[in-house]
Amino acid sequence: MRPIILKCPSCDGNLTIARLDCPDCKISIEGEFTPPALLKLTGAQLDFVEVFIKNRGVIREVERELGVSYPTVRARLDDVIAALGYSARSAPEASASDDRGSRRRAVLADLKDGKLTPDQALAALNESSKRDV
């Protein structure tokens with residue numbers, strides 16, 4: 001079966017679903033049906049959602065499976081939230097300690113990936129704690 005297309009190949013307008021068929025009993029239902037919001041995501045966004053759900057939303061596991069840092073996972077999640085028509089602000093606001101933790105994890109991930117030297121990571125962690133005081 002082919003994947004569903006949502007944009008007209010001629011004018012790039014939004015397509016509607018006009019007919020549903022049951023392959024078992026051969027019944028057909030015609031009308032105008034709205035596709036679920038998840039079908040409006042790009043292939044890359046759907047792949048991310050699949051990994052996110054498979055890992056039960058545990059960002060550390062998503063990081064590990066995709067081989068990306070915490071900020072990258074958050075950015076991709078924010079992208080999906082926006083694509084579904086929600087504001088990233090509609091998600092619960094992160095507390096200052098969550099923000100400190102995310103910065104700390106990002107620095108440690110960069111250190112692990114060799115993007116920072118131990119001295120640079122230590123300086124970044126110290127600078128981060130000074131800002132939070």
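Asp-12 is found in the segment before strand S1 (17-21). Helices and strands here are DSSP runs numbered from the N terminus, helices being H or I with at least four residues and strands being E with at least two. The model is predicted: local features need pLDDT of at least 70, side-chain atom pairs count only at pLDDT 80 or more, and totals for chains, interfaces and linings use all residues. Residues are numbered from 1 along each chain as its sequence is written, and side-chain values use heavy atoms, with hydrogens and water left out.

Asp-12 is not a glycine, yet its phi is positive, at about 70 degrees. Its relative accessibility is 52%, so Asp-12 counts as exposed; exposed means over 50% relative accessible area, buried under 20% and partly exposed in between, with a 1.4 Å probe and protein chains only.

**The chain as a whole**

Five helices and two strands make up the secondary structure of the chain. Along the sequence they follow the pattern β-β-α-α-α-α-α. The chain has 133 residues, and 20% of them are buried. Among contacts with a separation of 6 or more, 29% join residues 24 or more positions apart, a contact being heavy atoms within 4.5 Å.

**Loops around strand S2**

Ile-27 is in the loop between S1 and strand S2 (28-33). With neighbours within four places in sequence left aside, Ile-27 is in contact with Leu-20, Asp-21 and Cys-22. Pro-35 lies in the loop between S2 and H1.

| Residue | Relative accessibility | Class |
|---|---|---|
| Asp-12 | 52% | exposed |
| Ile-27 | 46% | partly exposed |
| Pro-35 | 11% | buried |
| Gln-45 | 10% | buried |
| Arg-56 | 75% | exposed |

**Helix H1**

The twelve residues of H1 should span 16 Å at 1.5 Å a residue, and the end C-alpha atoms are 16 Å apart, which agrees. The expected span is 1.5 Å times one less than the number of residues. The buried residues in H1 are Gln-45, Phe-48, Val-49, Val-51 and Phe-52. They cover an arc of only 165 degrees around the axis, which puts them on the same side of H1; the arc is that of the directions from the helix axis to the C-beta atoms. An α-helix has 3.6 residues a turn, so residues three or four places apart point the same way. On the other side of H1 the exposed residues are Asp-47, Glu-50, Ile-53 and Lys-54. Helix H2 (59-66) and H3 are included in what covers the buried residues of H1.

Arg-56 follows H1 and is found in the loop between H1 and H2. Its phi is near 55 degrees, a positive value in a residue other than glycine.

Helix H3 (residues 70-83) has 14 residues, which at 1.5 Å a residue should span 20 Å; the end C-alpha atoms are 20 Å apart, in agreement. Tyr-70, Val-73, Val-80 and Ile-81 are the buried residues of H3. Their arc around the axis is only 100 degrees, which puts them on the same side of H3. Just after H3, Gly-85 has a positive phi of about 95 degrees.

The axes of H1 and H3 come within 10 Å and cross at roughly 115 degrees. Axes are lines fitted to C-alpha atoms, for helices over the stretch in contact, and angles run from 0 to 180 degrees between N-to-C directions. The crossing of H1 and H3 is left-handed, meaning that the near helix is turned anticlockwise from the far one by less than a right angle. At this crossing, Gln-45, Phe-48, Val-49 and Phe-52 in H1 meet Val-73, Arg-76, Leu-77, Asp-79, Val-80 and Ala-83 in H3.

Gln-45 belongs to helix H1 (residues 43-54). Not counting residues up to four places away in sequence, Gln-45 touches Asp-79, Val-80 and Ala-83. The side chains of Gln-45 and Asp-79 are joined by a polar contact of 2.9 Å. A polar contact is a pair of N or O atoms within 3.5 Å; within protein, one must be able to donate a hydrogen and the other to accept it, and residues adjacent in sequence count only if both atoms are side-chain atoms.
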